[in-house]
Amino acid sequence: MSDDRYREYDRLRFERPDGTDGVLLIKLDDPDKMNATGADMHLQLSRVFRTIGDDDSVRAVVVTGAGRAFSAGGDLDWIAEQVGDYAQTMRVMKEAGDIVRTMIDCDTPIVSAINGVAVGAGLAVALMADVSIINEDAKLTDGHIRLGVGAGDHAVAIWPLLCGMAKAKYYLLTADFLDGREAERIGLVSKAVPKDDVLSTALGVAEKLAAGPVHATQMTKRALNHWLRQALPNFEASLAYEMLNFLGPDAAEGLAALQEKRSPDFQPPA
């Protein structure tokens, strides 16, 4: 798509789907790594929703992943740069916060088409969307506990609102995976559909939103998102706790376990 305002986002692919009016399709675009979020993609996700909010030609957005995954979480080489590094941790904290805040503040409705596995920062984009359509067989997990850090990307802000505190605590404290069917059953996503129907269903929702009254749609989203704005102090605390954990020994052990494909051996505090 030739539009100068999106040219800087080289880890994201932008399309205007044929037969749609006012719909922008964004693909997380690193399929060889299952769209894992590295430094460039993470930074771009923290900025792109401001750009979209300033683009009057876009009345609805669909976000999906290129290839078979939505996003397989954080790129381990990039995470390794953060563990124990204060300056890098501060940079990542700002970007992670901006992803959540800019999605809340973007009045343009956002639909996620969760075509495959969704973890970490990618999962934040998937679930912070206004409408979420998931492949019923796709697996998702917040996964922070498995790495040895607190659940800070988005989950404290929105999981209790979506699926209730009991389910939020269960899945965030255990880091268990759940599939699309279960995610729909507990209210974590809007709708679960067969794999081949995910993108077409999401585009259909986006077309319906784009064809509606622009200001009424935007103001309804803005008003609903005041529930999320009330949760921002909780989110900011969770994000700070996560980043504090990245400076400690559990994050180093959790990262090593993921790199070595073994179970982590977290030690109790001395």
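**Entry 1: the model**

I am working with a predicted model.

**Entry 2: Q44**

I looked up Q44 and found it in helix α1, which covers residues 39–45. Is Q44 buried or exposed? Its relative accessible area is 8%; the limit for buried is under 20%, so Q44 counts as buried. I then listed its contacts, setting aside neighbours within four places in sequence. Q44 touches E8, Y9, D10, R11 and L12.

**Entry 3: M34 and N35**

Next I went to the loop between β2 (23–28) and α1, where M34 lies. N35 lies in the loop between β2 and α1 as well. I checked the backbone. M34 is not a glycine, yet its phi is positive, at about 55 degrees. N35 is also a residue other than glycine, and its phi is near 60 degrees.

How accessible are the two? M34 has 24% relative accessibility and counts as partly exposed. N35 is at 0%, so I noted it as buried.

**Entry 4: α7 against α8**

I moved on to helix α7 (residues 155–163) and helix α8 (residues 165–174). Their axes come within 7 Å. The crossing angle is roughly 130 degrees. I recorded the crossing as right-handed.

Which residues make the contact? From α7 I have A155, W159, P160 and C163. From α8 I have M165, K167, A168, Y171 and L172. I sorted the contact residues by type: eight are nonpolar, none is polar and one is charged.

**Entry 5: the nonpolar cores**

I looked up the largest nonpolar core and found 63 residues in it. Which residues have the most contacts inside this core? They are L12, F49, I52, V63, L140, W159 and L188. Helix α4 (residues 86–105) gives the largest share of the core, with six residues.

L12 is among the contacts of Q44, and W159 is part of the α7 contact with α8.

Leaving out neighbours within four places in sequence, F49 is in contact with V63, T102, M103, C106, I110 and V125. V63 is itself on the list of residues with the most contacts inside the core.

There is also a second core, separate, with 13 residues. Among them are L25, I133, V198 and A210.

Conventions:
Residues are numbered from 1 along each chain as its sequence is written. This is a predicted model: local features need pLDDT of at least 70, side-chain atom pairs count only at pLDDT 80 or more; totals for chains, interfaces and linings use all residues. Side-chain values use heavy atoms; hydrogens and water are left out. Helices (H or I, at least four residues) and strands (E, at least two) are DSSP runs, numbered from the N terminus. Buried means under 20% relative accessible area, exposed over 50%, partly exposed in between (1.4 Å probe, protein chains only). Contact means heavy atoms within 4.5 Å. Axes are lines fitted to C-alpha atoms, for helices over the stretch in contact, and angles run from 0 to 180 degrees between N-to-C directions. A crossing is left-handed if the near helix is turned anticlockwise from the far one by less than a right angle, and right-handed if clockwise. Ala, Val, Leu, Ile, Met, Phe, Trp, Tyr, Cys and Pro count as nonpolar, Asp, Glu, Lys and Arg as charged, and the others, Gly among them, as polar. A nonpolar core is a set of buried Ala, Val, Leu, Ile, Met, Phe, Trp, Tyr and Cys residues joined through side-chain atoms within 4.5 Å.
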